[in-house]
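Subject: Model for you to look at

Hi,

I am passing a structure on to you, and my notes on it follow below. Please open it alongside this email.

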Protein chains: 2
Amino acid sequence: MKNPPLDERKAYILATVVYEYVASAEPVASQTLTHKYHLGVSPATVRNEMAELEAGGYLVQPHTSAGRIPSDAGYRTFVDELMHPEGLTAAERRQIRDELRDARSELDDLIDQTTRLLGRLSNSLAFVTKPQAEMQVFKHIQLISIGPRTGVAIVVTSFGVSAQNLFELTSDVSAEDLTKLSSAMNQKFTGHMLSDVKESEIANLISELKLSEELRGAVTAAMQSARSSEAPAIAAAGAQNLLDQPEFRDARKLRSILRIVEEQRTLYDIVADAMDNDVASVKIGRELGSEELADLSVVTVPYRFGPRAIGMLSILGPRRMPYARLMALAAGTAKSLSQRIAEAEIK
Amino acid sequence: MKNPPLDERKAYILATVVYEYVASAEPVASQTLTHKYHLGVSPATVRNEMAELEAGGYLVQPHTSAGRIPSDAGYRTFVDELMHPEGLTAAERRQIRDELRDARSELDDLIDQTTRLLGRLSNSLAFVTKPQAEMQVFKHIQLISIGPRTGVAIVVTSFGVSAQNLFELTSDVSAEDLTKLSSAMNQKFTGHMLSDVKESEIANLISELKLSEELRGAVTAAMQSARSSEAPAIAAAGAQNLLDQPEFRDARKLRSILRIVEEQRTLYDIVADAMDNDVASVKIGRELGSEELADLSVVTVPYRFGPRAIGMLSILGPRRMPYARLMALAAGTAKSLSQRIAEAEIK
DNA sequence: CTTTGGCACTCCTGGCTACGGAGTGCTAAT
DNA sequence: ATTAGCACTCCGTAGCCAGGAGTGCCAAAG
């Protein structure tokens, strides 16, 4: 596993091997390359080059007398240095935009729709993290009295209603008191970042208004769940698409994937560090950090609310995936989603 | 496919074939039966009986010299007439109750949890329809002003917050007017069934208060989505469990299942008519109405809010499933879920 | 008339071998 | 440095055979 910089011909051969293997799912032979791509050299020369690429760790041979397939490192080099980035056609862009425009404006539904759309377009498994709300703007809180000792706290942010929490108290609270507290909070916090609404300030308001200390717990719980900080829920769609790929002929491979998707936690860990990136990031094979996922790759793009990333949109497929295409697709969808969210903002 | 009533011995043989096939996933031979179950007759006799059961349409033979497996009709007879109903042990009951008790009280989360639990316990794919809310009691509506022309309508029912709808108007409405309308509606409708809140009465209130006609649309839309009448969302979990079953060795079989689960609509059609039943209903193989699902079965049990069924909880697995066990599991879980929902009721 | 032992027959399964084909690595010539 | 040629390796498949499981039927027994 040395790492000499690749000369131009080696780079081209590596790229064509990736390209060809992605298309055919078969190990790529020297002759295939000379036939399909005009290399201007003989198969024997290509074999020599491929042997060196293998020594360098870019290619592997499934067995002695077979063609070559890319290794993790081979894909990595391809993605980072060799491939031509793709874009979407105007028609595709339009299609994405239109489908999202038709979606219902509820944020959760919008995320679901986006996930399905992306799963369909990529013909892979798509998953999208629900927005992290910390950076939303606080718009309104409303405490509603339901019974003498029960109530509902509703928090509205720039994304829409983002939390509703039932609470129960041990002593009676009047509807008027709840209204008073609601208005006080609205006056004080409206327009602030959600993360700037501090528990201590809520406590101050409550004691100023001479209300039950218990309310503090209820209100902060509601604010808490509006923020829903770590490991937010993840929507997934398109698992069935994976079954088209020859690498899933053996159904067992799918098992761990389905389990991981259902658990969500691992999924989130995989994409978490892509949040700060502003373009598509890719994790290839073992980079996913789990032996079970060793022959998969994930493309991730954050989506935004204004300037700030609030969630991520990912495509999971076999390592043998059309990287440039899927990166374009993810980026395009993220862009449309971001726009859609911006439009839906409550000003 | 005649249908003579089965004599006792035939019935017993059919039952043991089902039992044995469910356990082993292998066609059942005459000798297996005489060995494992004390029939008091020889294999040859059993063979004669099995031949007649095959003529009657209860059994089929995968190939000439193989044992028998049950047909749809065989399973159906088994489920309807032959099998001994099972119950859950006290420990299992307790486990279910405890796991649901720990669940968060948000209704959606509760449904999700229940689905996962059922998927885990049944080692199959579980799915649960979200409650149909028509029969909920209206508790409260709150119209909140967010901007001069935008607002949020929040409807609280006995299940908790069941709808939040953003609305936008073409002319300004004051926060006071919204509060006025909210109180008027609360006074008039609190305690009524959701289905009894008629659009015309809302319109009356609005004109009495001399408010914009536009509000009528906004409010009725919110009431509408609180009711969310037909084909409600469905939570699913445990698809990976199916991969343990030998019938899914071939991954293609899973494809259509995953697609159908994702679509939801077909899933809902399958279970819809089980709503009125008050015990577990079973659909076997072709009874599911789709060639794709021909080797699957579904067990469905409604869950309740008070006396009324509000949703269904189902287990989908290979036709070769332990019916009595899964019916007990589904029924037990439905019962616990119903109780949990009753407890969470907002009085 | 029902039951049963016996037996021939069918069909599946797994292992073995042979073989064609694809593709490489190496060597020697250009 | 490139390449033609060639021997070699390994995979995949087809064909074959033997073993085994299970049936259907017949004829004898209860």
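Predicted model: local features only at pLDDT ≥ 70, side-chain atom pairs only at ≥ 80, totals over all residues.

A definition to begin with: two strands are taken as paired if DSSP finds at least two bridges between them. Helices (H or I, at least four residues) and strands (E, at least two) are DSSP runs, numbered from the N terminus.

Residues are numbered from 1 along each chain as its sequence is written, chains are lettered from A and ligands numbered from 1 in the order in which they are written, and side-chain values use heavy atoms, leaving out hydrogens and water.

**The sheet in chain A**

Chain A has an open sheet of three strands, antiparallel and in the order 4-5-6. Strand 4 (138–145) and strand 6 (160–168) of chain A are its edges, each pairing on one side only. From one strand to the next, the twist averages 15°. Eight bridges join strand 5 (residues 150–157) of chain A to strand 6 of chain A in the antiparallel sense, and A:Ile154 stands opposite A:Gln164 of strand 6.

Angles run from 0 to 180 degrees between N-to-C directions, and axes are lines fitted to C-alpha atoms, for helices over the stretch in contact. Helix 7 (residues 175–189) of chain A touches strand 4 and strand 6 of chain A, and its direction makes about 175° with that of strand 4. Helix 9 (residues 214–227) of chain A touches strand 4, strand 5 and strand 6 of chain A, at about 150° to the direction of strand 6.

**Domains**

Bounds here come from an automatic or database domain assignment. For chain A it gives domain 1 (8–82), domain 2 (90–131 + 231–344) and domain 3 (138–227). Taken over C-alpha atoms, the centres of domain 1 and domain 3 of chain A are 62 Å apart.

**DNA strand D**

A residue is near a strand if one of its heavy atoms lies within 4 Å of it. DNA strand D has 21 residues around it, of which A:Ser42, A:Thr45, A:Thr64, A:Ser65 and B:Ser30 come nearest. Sugar or phosphate accounts for 77% of the atoms of DNA strand D within 4 Å of the protein, and bases for the rest. Helix 3 (43–55) of chain A gives the most to this surface, with four residues.

For polar contacts, the cut-off is a pair of N or O atoms within 3.5 Å; within protein, one must be able to donate a hydrogen and the other to accept it, and residues adjacent in sequence count only if both atoms are side-chain atoms. A side-chain N or O atom of A:Thr45 is 2.6 Å from a phosphate oxygen of DNA strand D. A polar side-chain atom of B:Gln61 is 3.4 Å from a sugar or linking oxygen of DNA strand D.

**DNA strand C**

What comes nearest to DNA strand C? Of the 21 residues around DNA strand C, these are A:Ser30, B:Arg9, B:Ser42, B:Thr45 and B:Ser65. The largest share of the surface, four residues, comes from helix 3 of chain B. Phosphate oxygens of DNA strand C lie 2.7 Å from a polar side-chain atom of A:Ser30 and 2.9 Å from a backbone N or O atom of B:Ser42.

Best wishes

How values were computed. Contact = heavy atoms within 4.5 Å.
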